[in-house]
Amino acid sequence: MKYVYVYTADDKKFDRINKASVIKDAVFCVNDIESIVYLRDKYGIKAMNVDALVDLFNLLEADDEIYLCTPEDTKLIKASFANAKEIC
């Protein structure tokens with residue numbers, strides 16, 4: 001599977017979403033309902049709400065691709081998953 005995590009708990013969320021929206025055929029993970037609605041209405045992308053980046057550990061498997069667009073520390077995710085890439 002392919003996942004895109006976008007940090008949306010600050011005033012830069014729409015900038016991040018717009019940058020990340022170029023990733024196709026992925027499950028988008030965001031931090032708030034407003035971002036889910038924005039992705040659906042503007043890009044036709046379905047998304048799910050996750051509380052924090054660490055919640056992805058419950059979701060990801062070793063061979064999944066994960067694209068990260070966040071100011072959070074991503075070292076743990078990148079160390080744990082070979083296919084983790086920062087896109088913003």
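**Cysteines and a nonpolar surface patch**

The sulfur of Cys-29 lies 13 Å from the closest cysteine sulfur, that of Cys-69, which is too far for a bond. A disulfide requires two cysteine sulfur atoms within 2.5 Å. Cys-29 is buried, because its relative accessibility is 0%. The model described here is predicted.

A search of the whole structure returns 1 disulfide. This bond joins Cys-69 to Cys-88, with an S to S distance of 1.9 Å. The torsion about the S-S bond of Cys-69 and Cys-88 is about -105 degrees, so the disulfide is left-handed. The pair links distant parts of the chain. Cys-69 belongs to strand E4, while Cys-88 sits in the segment after strand E5 (84–86). The two cysteines are 19 residues apart.

The accessibility of each partner was also computed. Cys-69 has a relative accessibility of 0% and therefore counts as buried. Cys-88 has a relative accessible area of 35%, so Cys-88 is partly exposed. Buried here means under 20% relative accessible area, and exposed means over 50%, with partly exposed in between.

The surface was examined next. Val-54, Phe-57 and Leu-76 make a nonpolar surface patch of about 270 Å². Phe-57 is located in the loop between strand E3 (47–49) and strand E4 (65–69). With a relative accessibility of 31%, Phe-57 counts as partly exposed. Strand E4, which follows this loop, is also the strand that holds Cys-69.

Note on methods: Residues numbered from 1 in each chain as written. Predicted model: local features only at pLDDT ≥ 70, side-chain atom pairs only at ≥ 80, totals over all residues. Heavy atoms only, no water. Patch = residues over 30% accessible without salt bridge, like charges linked within 9 Å, V, L, I, M, F, W, Y side chains within 5 Å. Areas by Shrake-Rupley, 256 points an atom, 1.4 Å probe, with all protein chains shown as cover. Salt bridge = Lys/Arg side-chain N within 4 Å of Asp/Glu carboxyl O. Helix = DSSP H or I, 4+ residues; strand = E, 2+ residues; numbered from the N terminus. Buried < 20%, exposed > 50% of the residue type's maximum accessible area, 1.4 Å probe, protein only.
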